[in-house]
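User: Could you take a close look at the sheet in this one and walk me through how it's put together?

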Amino acid sequence: MPEQPPYLRIADELRRRIAEHEWTPGDRLPSRAQLAQESGVGENVIRRAQELLISQGVLEGHAGSGTYVAAPRQRVRMVRSSARERPDSSPFRADMKALGKLGDWESRTEAKVPAPAEIASRLGIDEGNLCVRTVYEFLADGKPVQLSSSWEPYDLTAGTLVVLPEGGPHAGVGVVNRMAAIGITVSHAVEQPEPRQANAEEASLLGIQKGSLVTHIRRTYYSDQGRPVETADIIAPAALCEIVYEIPISRL
C-alpha cells in the first residue's frame with residue numbers, strides 16, 4: 001500500500017489536535033516554522049496541509065496575520081429535485097426559508113452570445129450558435145452561497161415573453177415554468193456533480209479561499225421531445241453547502 005503523502009499526514013494530525021481542543025475556534029495556530037520543527041517536515045509540507053484544511057473549512061487564513069481555527073458554520077442545505085418545481089415559488093427560497101434565512105439572487109443576462117464548444121455539445125447545437133446566457137449569484141441572508149451560469153438556445157425563446165429569464169411577466173419562476181409558458185414541456189433534467197477546487201473568480205464571488213473545495217454540477221433540462229432547452233454550471237462551496245438529492249419513487 002503506497003505511503004500517505006506527508007502533507008496529508010500533517011493535515012490529519014492538525015485535524016486531530018483541533019478535535020481534541022488543543023486549539024479552539026478563533027485560536028491562531030503556531031507559525032509554519034514552529035509546526036515544521038515539531039513535525040520534522042519542511043514548511044512547504046505544513047503550507048500544503050493548511051491549504052487543504054482551509055479548503056475544507058477547518059482553518060481560515062488571515063492575510064498578514066496567520067492561520068486560525070475556523071468557527072463551525074451552518075451548512076446551507078440544497079435540495080435537488082424536479083418534484084420541487086412550483087409555479088409560484090422558488091425551491092431555493094423554500095430551502096432558505098426552512099433554515100430561517102432569506103433566499104434571494106442577483107443576475108445578469110446577455111442575449112445572442114455564441115455558444116462555446118462544450119455548451120453547444122450539451123445543448124445539441126452547433127458551436128457558435130446564439131444563446132441567452134444568465135449568470136446568477138444566490139444569496140442567503142445577503143451572503144453568497146451558490147453560483148450558476150445558465151445557457152439557453154436563442155432560437156428557442158426569441159420573440160417570446162420568456163426570452164430573458166429574469167425579465168418580463170415570467171421573471172424568476174425557473175426554467176420549467178418559463179418553458180411551459182411558451183408551450184414547451186420540460187420532462188426531465190440530468191445532473192452531473194463532481195468535486196473540484198474553486199478558481200480565483202469563483203473564490204472571490206463566494207468569499208472563500210482560492211482552491212477551496214466546491215461541488216460543480218452540470219445540469220441540463222430536456223423537453224418531452226428530447227431537446228435540451230437549458231444547461232447550467234452550478235457551483236456550491238463544500239464548506240457552506242450540502243447537496244441533497246430527492247428522488248421521487250413512482251408506484252408500479
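**The sheet, strand by strand**

Analyst: What you've got is an open sheet of 6 strands in the order β4-β5-β6-β9-β8-β7, with antiparallel pairing. Strands here are DSSP runs of E with at least two residues, helices are runs of H or I with at least four residues, and both are numbered from the N terminus. Two strands pair if DSSP finds at least two bridges between them. In general, strands of a sheet pair through backbone hydrogen bonds, either parallel or antiparallel.

Before going on, a word on the source: this is a predicted model, where local features need pLDDT of at least 70, side-chain atom pairs count only at pLDDT 80 or more, and totals for chains, interfaces and linings use all residues. Residues are numbered from 1 along each chain as its sequence is written, and side-chain values use heavy atoms, leaving out hydrogens and water.

At the edges sit β4 (103-114) and β7 (186-197), each pairing on one side only. From one strand to the next, the twist averages 15 degrees; axes are lines fitted to C-alpha atoms (for helices, over the stretch in contact), and angles run from 0 to 180 degrees between N-to-C directions.

Now zoom in on one pair: β8 (residues 213-223) and β9 (residues 228-237) run antiparallel to each other over 9 bridges.

Over on the β4 side, helix α4 (residues 91-98) lies across β4, β5 (130-140) and β6 (143-153). Helix α4 runs at about 160 degrees to β4.

Notes
Contact = heavy atoms within 4.5 Å.
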